[in-house]
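Biologist: I would like to learn how to read a model like this one. Please take me through a few features in turn.

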Amino acid sequence: MGAADGAIVRAVLAGQEDLFGVLVERCRAEFGRYAVAMLGDADAGSDAMQEACIKAWRSLADCRDPDRFRAWFYRILANQCRTMLGRRRPQTDIDEIEVASRERPDRDLERKELAAALAAALDRLTAEQREAFVLKHVDGRSYEEMETLLGVGVDALKMRVHRARDAMRTLMGETR
Amino acid sequence: MTDNPFTRDAQRYLDGSPHGDLSESERRDADALLAAAVAYRDALPPLDARVDSAVMAELRQPRPGMPAWRWLVQARVRPVWVPLAAAAAALLMWVAGPERTAPSTAAPAVASAHDTVFVQFQIAAPGARTVALAGSFNAWDPAALPMLRAADGTWTLTIALPVGEHSYQFVVDGARWQPDPTAHAQVEDGFGGTNSVIVVGGRGLVRT
């Protein structure tokens, strides 16, 4: 990683506005998968990321701790995803999963079915459970990373993840 | 929805923590859930860089009350040369000596336009036959940006870089890839080496 986020935020606020593009690129790289997984398709994930970046730009001066920009941005993105989830029930685009699994048909058919079953179950979780499951098992984050992003203690996060897994076990059992 | 919760040990297993014995069905369901999460992750389409362009295009739209000239200035690409010699001399970390073969380097000096910034790279390598600059800005071509040798063994090259983050290395004698130890950030290159990283702003390099 190049200059720390905080140094770039301060440079943007001091007038080097084009440098905001560096922050956008970093946030997309870190949270793009989260946005797609939260909303179930790439177009919605892309919209959420764009909206979150624009909101971050407009309120950058309110980022009180530029050295923690990434967590500040995450909360904007998470709110954006929740707002969009509230507008509609997400439907994971199975066609995209099929495209990604075209080779080695036997094994990939099984993986495609697994992914589709998980996507369908995710769609039935609460937003809070979905977020917890996605961060832990799709993004592969530690509880400590999640604590930094969400500002919620590890014990409470474990409880959310455990409940999400219990729900997923039941939901995926229904599809078998 | 949770009529079949995982046991505490299964939750610890899923957390990657030490755990007691699991029943066959607990382990099967836990493993199936992890496998499904991996399959789902691998199938997710990535967000590509079009998101970045769309955001930056949106942000460059004039805002109400913002003077129009500001946006004209932002769109301009015009090199501005300023005397670099003094800055370069001040930045160069020089260890003299004809026996020296390991190159020493200096953090790049910059002269800025608005969205194009001229960055001068330097490396002191008296024993080198050739030195080139390769980086994310030239597709890592080890031959496209040869540096020029001065009489004192300093190699320099000034190039225009767009505002943003760039990684680079020096290529000594066409074969040896050398990161810039004076750069303010280094990152693994994925091939067992190290890339140096700079963030170029309209007013110079952004430092941590």
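Biologist: Are α2(A) and α7(A) parallel or oblique to each other?

Modeller: First, the ground rules. This is a predicted model, in which local features need pLDDT of at least 70 and side-chain atom pairs count only at pLDDT 80 or more, while totals for chains, interfaces and linings use all residues. Residues are numbered from 1 along each chain as its sequence is written, and chains are lettered from A and ligands numbered from 1 in the order in which they are written. Helices (H or I, at least four residues) and strands (E, at least two) are DSSP runs, numbered from the N terminus. Axes are lines fitted to C-alpha atoms, for helices over the stretch in contact, and angles run from 0 to 180 degrees between N-to-C directions. Angles under 35 degrees count as roughly parallel, over 145 as roughly antiparallel, 65 to 115 as roughly perpendicular and the rest as oblique. Here helix α2 (residues 20–39) and helix α7 (residues 127–138) of chain A pack at about 135°, with axes 10 Å apart. The two helices are therefore oblique to each other.

Biologist: Which residues make the contact of α2(A) and α7(A)?

Modeller: Two residues are in contact if their C-beta atoms, placed from the backbone, lie within 7 Å. From α2(A) the contact has A:Arg33, A:Tyr34, A:Ala37 and A:Met38, and from α7(A) it has A:Arg130, A:Glu131, A:Val134, A:Leu135 and A:Val138. Ala, Val, Leu, Ile, Met, Phe, Trp, Tyr, Cys and Pro count as nonpolar, Asp, Glu, Lys and Arg as charged, and the others, Gly among them, as polar. By that scheme, this contact has six nonpolar, no polar and three charged residues.

Biologist: At what angle do α3 and α4 of chain A pack?

Modeller: Helix α3 (residues 42–58) and helix α4 (residues 69–87) of chain A pack at about 135°, with their axes 9 Å apart. That makes α3(A) oblique to α4(A). Their contact includes A:Ala48 and A:Ala52 of α3(A) and A:Phe73 and A:Leu77 of α4(A). It has ten nonpolar, one polar and two charged residues.

Biologist: Which residues of α3(A) are buried?

Modeller: A residue is buried if 20 or more other C-beta atoms lie within 10 Å of its own, exposed if 12 or fewer, and partly exposed in between, with C-beta atoms placed from the backbone. The buried residues of α3(A) include A:Gly45, A:Met49 and A:Cys53. Their cover includes α2 and α4 of chain A, together with α3 (50–59) of chain B.

Biologist: How many residues does each chain give to the contact?

Modeller: Chain A gives 53 residues and chain B gives 44. On the side of chain A that touches chain B, 30 are nonpolar, twelve polar and eleven charged.

Biologist: What does chain B contain?

Modeller: Chain B has five helices and ten strands. Of its 208 residues, 32% are buried.

Biologist: Is B:Asp173 buried or exposed?

Modeller: B:Asp173 has 12 other C-beta atoms within 10 Å, so it is exposed. B:Asp173 lies in the loop between β6 (164–172) and β7 of chain B, and its phi is near 55°, a positive value in a residue other than glycine. B:Ala139 also has a positive phi, of about 60°, although it is not a glycine. B:Ala139 is in the loop between β3 (131–135) and β4 (148–149) of chain B.
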